[in-house]
Every structure is written in structure tokens, then in C-alpha cells.
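Please open the model in a viewer and keep a selection tool at hand. The stops below are meant to be followed in order.

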Amino acid sequence: MIIDDCHYDVIIIGTGAGGGTLAYKLAPTGKRILILERGDFMPLEEQNRSNVDVFKRERYHAPEQWYDNTGEPFSPQMNYAIGGNTKIYGAVLMRRREQDFAAVTHREGISPAWCVDYGEFEPYYTAAEALYKVHGQADQDPTEPFRSSDYPFPSIESDPQIAAITGAIAQQGLHPSALPLGLTRQDDDPTNDSEVSGVLPAVEYPNVTLKTKAKVVGLHTNSSGRFVRAVEAEIDGKPYLFLGDLVVLACGAVNSAALLLRSANDCHPQGLANSSNLVGRNLMKNLMTAIVQVSSKANSGAFQKTICVNDFYWGDADFPYPMGHIYNTGGLLTDVIFAEAPPMFSVLAKFMPGFGLRQLATRSIGWWIQTEDLPNLNNRVYLDQHKLCIDYQPNNTEAHDRLAHRWIDVLKSLEKQLDGFPVGTIHPRGEIPVQVMANQCGTCRFGDDPATSVLDRNCRAHDVDNLYVVDGSFFPSNASVSPALTIIANALRVGDHLLDRLA
């Protein structure tokens with residue numbers, strides 16, 4: 001075992017939305033900060049997905065195997081690199097709605113309230129939008145929550161074909177809105193992420209050390225189990241031990257939970273910080289379905305996603321329960337998650353014979369519909385010896401199916417008004433499979449009661465005084481909007497707490 005000769009004030013494990021942002025927040029303190037990332041810097045050509053190679057699914061899958069609830073292995077769609085999944089996330093940065101922080105009744109259950117409300121998060125949302133250069137437009141969306149300031153940058157102009165569709169949607173009495181996007185506006189690297197806005201600014205400080213290709217395999221506590229004293233990692237096949245005063249996990253909801261479970265010891269026999277037996281449980285990851293429109297007009301296949309529709313977020317007259325969020329995929333040649341659904345093109349091929357994959361993609365308009373899934377103790381991450389297992393069954397499916405049918409009805413209506421859309425053509429749809437780990441959250445929920453939560457309201461483990469978690473693990477409930485901005489805002493919020501603790 002190689003023991004690092006530096007003692008750190010803070011060790012941050014992971015560089016995604018939570019870890020990268022927290023590093024940025026703490027870097028100016030002058031405290032000795034170590035950032036451990038199991039991946040490396042991602043080549044620029046891998047980040048800018050501008051060709052049909054995106055349909056080679058393995059390109060964006062982690063080089064490891066997890067196991068589903070049938071015991072079958074799969075390679076998760078995950079990204080181990082500086083910036084984590086923000087390198088492939090599409091840069092949609094939306095606020096949870098105010099009501100999303102309260103208890104909400106769904107058709108299939110209750111989405112529980114958070115221990116903090118929207119008012120506490122609002123200033124951090126504002127700071128997160130500024131840091132990640134979010135482009136958007138307020139006052140278009142009927143579900144838009146209170147904002148103390150406008151978006152820092154104006155919204156992105158839609159592709160002409162999407163602009164025409166947007167107008168037709170509005171004519172149906174709906175409210176298509178600009179999709180908030182974190183963008184650098186640089187031609188060679190347009191998407192903002194936690195490498196660009198978090199890690200790179202942080203490592204400019206001499207007190208910050210970044211170690212890549214460092215896979216953390218365990219956390220070691222003192223004899224009482226109340227403090228993490230050392231972080232064990234593998235670097236170039238060799239075991240290293242890093243010592244620090246505060247340890248922050250930001251590995252993603254699945255891997256942070258797995259690390260805590262792997263770190264079981266005599267004081268924590270069920271896993272570190274797991275006296276509640278909730279570590280790994282309540283895994284959530286949104287219900288997501290792609291719906292495709294066939295177009296007789298070609299497009300580039302590489303345009304930006306730009307609009308969303310939230311008129312059905314809280315339901316409609318026929319279904320008084322939340323249904324969810326809708327947004328366009330952007331060009332299908334650049335949508336990483338859509339890479340999991342190429343079989344839909346086999347359906348399209350029947351209506352467009354003789355077309356290849358690229359031609360089908362450039363004559364299609366894609367839509368994502370996204371619905372909140374509800375916390376369930378049986379949806380969980382667990383270890384079977386050395387195997388990482390994901391036991392996940394979708395729930396709240398009736399709301400999601402209703403949203404899909406409702407949106408297809410909208411598409412059929414607008415296609416009658418617009419040129420370039422064959423009337424009567426089917427709209428293929430495909431649900432994302434379990435291996436897509438987009439929007440993962442919930443495995444180490446926060447709350448005020450140690451019996452019903454893993455973390456306190458500052459995201460510190462109830463059982464371990466110097467251990468924090470700042471990825472999506474802390475969510476006690478999901479929402480229909482993507483969690484990235486909330487993870488970023490929470491990292492800034494927890495950062496303020498840690499600044500006080502480090503003072």
C-alpha cells in the first residue's frame with residue numbers, strides 16, 4: 001500500500017455535476033483539496049457527436065459490467081472521464097418546479113417532500129445558471145418557478161423546421177418554451193459541462209490536486225466508525241491511500257452507493273453510513289421514451305435541442321395527475337441516449353424503403369417525453385459478492401403512457417398544418433432500457449430523521465461526521481425535469497456549508 005505523503009483538508013471523489021462544481025466552489029479557500037477521478041480527460045472529438053457513429057452504442061458505455069434483476073450482465077451507458085456524465089448529457093439545465101419540493105400525489109403513489117424548499121434552492125439555482133452559462137427565456141413556460149433574476153444568456157434559435165413546429169404547437173393552445181441549455185458558444189466545444197465550468201477553473205489554484213485514472217475502491221474509518229480517515233484507490237494497478245479531514249462522494253447515484261456498501265466494516269456491517277438500511281435503495285432515473293416524426297424534408301441531423309412543452313407537467317382535464325415534460329431531441333445523429341433506440345429505425349425503414357441509417361436520421365424529428373418515477377425501496381443498487389447489481393422496475397407508467405399518447409395526438413394535429421410531414425404515418429416510440437443511467441438519483445436520500453434518510457439536510461452522512469455526498473444520490477424524490485441543474489445548485493449550497501466548516 002502506497003500512502004500519499006500529503007494530508008488533505010478535503011478529498012472529492014468524482015468530477016461530474018456535483019464533484020466538479022464543489023471543487024470550483026472550494027478552490028479559492030486555499031485549503032488542500034484532492035480530486036480523484038477514475039477516468040481521464042475526454043478527447044474533444046468524442047464530446048462533439050456530429051456523425052452517425054453515435055449509433056455504435058458501445059462508444060458511450062463504461063468498460064465494465066453491471067447486472068440487472070434477472071442476473072444478466074450489461075454495460076451501462078455511463079461516462080468515466082473528467083466531467084463525468086456532463087460530457088454526454090446534452091446540457092439541459094432546468095429548475096425543479098416549486099411544487100416538486102413538496103409532497104405530490106401521483107396516480108401510482110406519493111412523491112415525498114424534501115426537507116428544504118424551493119426558496120432555499122432558488123439563489124443557488126441562479127448561481128448555477130450563471131456558472132454554467134445557461135441560455136433560456138423566462139415567462140414562456142406556465143410551470144416556470146419564481147426566479148430572482150432572468151437567465152444569464154438569451155435562448156438559442158431553433159432550426160427552421162423546429163421553429164415551424166413550435167408555431168404549430170402554439171396554435172393548439174399550448175406553450176412551447178425555450179429549453180434552458182448550458183453552452184459555452186465555442187465552435188469546437190459548444191456544450192458547457194463540469195470540466196469546463198468546475199474542474200478546469202479549480203485546478204488553476206495551486207492548492208488543488210487532480211489525480212486521474214484513480215478508481216476509489218474503499219473508505220476507511222477510525223476505530224469508532226464516526227470519521228473517514230483514509231480513501232483507498234487504485235492507480236496504475238497499485239493501491240494508494242489518501243488521508244483527509246473531509247471526504248465528499250460525487251461518483252453518481254449508483255457508484256456512490258456501491259462505494260458505501262463496499263466500505264462495510266465492524267462499525268458499519270451493512271455498509272458505511274447505512275444504519276437506516278437505505279443506502280442503495282430508492283434508485284430513480286426517470287421514465288424516458290423517444291417518439292419519432294417522419295419528415296419528407298431532410299435536415300442536418302445535428303441541430304441543437306431547443307424547445308420544451310410543460311403544459312401536461314401537472315396533468316390535464318382527463319388525467320388530474322402529473323404526467324411530465326416534453327422536449328425535442330435535437331438532431332438524431334447527436335443524441336447519445338437515442339443511440340439506445342436504433343431499432344425504431346427498422347420501423348421507419350418500412351415506410352421509407354431504400355434509405356440508410358443516416359438518411360433515416362436526417363428525415364426524422366425526435367422528441368423525448370420524460371416522467372417522474374417514484375421512490376421504491378425495492379428499486380436499488382446492491383452488491384452480490386463483487387458484482388454490482390441494479391434491481392429496477394419502472395413505476396408511474398400509466399402517467400408516462402398517457403403523456404406519450406397525448407403528445408402523439410398533438411403531433412398528428414400539427415402535421416396536418418405543416419408541409420413535409422406525411423399524414424397518417426405512424427410515430428415509432430422506444431423506451432430507454434435499464435442500461436441507460438441518465439438522470440440517476442435517490443440512493444442516499446437526505447432528510448432530518450436518521451431512521452428514514454442517509455444524509456442530513458447539508459448532505460452529510462448521519463452516521464459519519466466528515467462524509468458528504470453531492471451527486472444525485474441525495475434526492476428523496478425525482479421530478480419530470482432532468483436533475484443536473486439541481487445537483488449543481490446543491491453542490492454550491494453544500495459548498496457554503498463546507499466553507500463555514502473549513503473556516
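**Charges over rings**

Begin by selecting Arg-38 and Tyr-80: the charged end of Arg-38 sits over the ring of Tyr-80, 3.9 Å from its centre. A charge sits over a ring if NZ of Lys or CZ of Arg is within 6 Å of the ring centre and within 35 degrees of the ring normal. Next, select Arg-380 and Tyr-382, where the charged end of Arg-380 sits over the ring of Tyr-382, 4.3 Å from its centre.

Two conventions apply throughout. This is a predicted model, in which local features need pLDDT of at least 70 and side-chain atom pairs count only at pLDDT 80 or more, while totals for chains, interfaces and linings use all residues. Residues are numbered from 1 along each chain as its sequence is written, and side-chain values use heavy atoms, with hydrogens and water left out.

**The open sheet**

Display the strands S8, S15, S16, S17, S14 and S20. Helices (H or I, at least four residues) and strands (E, at least two) are DSSP runs, numbered from the N terminus. These six strands form an open sheet in the order S8-S15-S16-S17-S14-S20, with antiparallel pairing; two strands pair if DSSP finds at least two bridges between them. At the edges are strand S8 (177-178) and strand S20 (429-431), each of which pairs on one side only.

Now select strand S16 (residues 325-328) and strand S17 (residues 364-371), which run antiparallel and are joined by four bridges. Tyr-327 has Trp-368 of S17 as its bridge partner, and Asn-328 has Trp-367 of S17. S15 and S16 also pair in the antiparallel sense, over two bridges; here the bridge partner of Val-309 is Ile-326 in S16.

Is S16 covered on one face or on both faces? Both are covered: His-325 and Tyr-327 on one side, and Ile-326 and Asn-328 on the other, are all buried. Buried means under 20% relative accessible area, exposed over 50%, and partly exposed in between (1.4 Å probe, protein chains only).

Select Gln-161, which lies in helix H4 (residues 160-170). At 13% relative accessibility, Gln-161 counts as buried. Its side chain makes a polar contact with the side chain of Ser-295 (2.9 Å). A polar contact is a pair of N or O atoms within 3.5 Å; within protein, one must be able to donate a hydrogen and the other to accept it, and residues adjacent in sequence count only if both atoms are side-chain atoms. Not counting residues up to four places away in sequence, Gln-161 touches Ser-295, Lys-297, Asn-299, Ile-365 and Phe-421, where contact means heavy atoms within 4.5 Å.

**The aromatic cluster**

Show the rings of Phe-101, Trp-114, Tyr-118, Phe-121, Tyr-125, Phe-446, Phe-474 and Phe-475, which ring pairs link into a cluster. Rings of Phe, Tyr and Trp (its six-membered ring) pair if their centres lie within 6.5 Å; planes under 30 degrees apart count as stacked, over 60 as edge-to-face and the rest as tilted. By this rule the count comes to 16 aromatic pairs.

Trp-114 is in the loop between strand S6 (109-111) and helix H3 (118-131), and Phe-446 is in the loop between S20 and strand S21 (467-469), so the pair ties together parts that are 332 residues apart in sequence. Trp-114 is buried, with a relative accessible area of 7%, and Phe-446 counts as buried at 3% relative accessibility.

Phe-475 lies in the loop between S21 and helix H10 (484-502), so its pairing with Trp-114 ties together parts that are 361 residues apart in sequence.

Move to Asn-439, found in the loop between S20 and S21. At 17% relative accessibility, Asn-439 counts as buried. A polar contact of 2.9 Å joins the side chains of Asn-439 and Asn-286.

Finish on helix H6 (residues 253-262): nine of its 10 residues are buried, so H6 is largely enclosed by the rest of the structure. The buried residues include Ala-253, Asn-255 and Leu-261.
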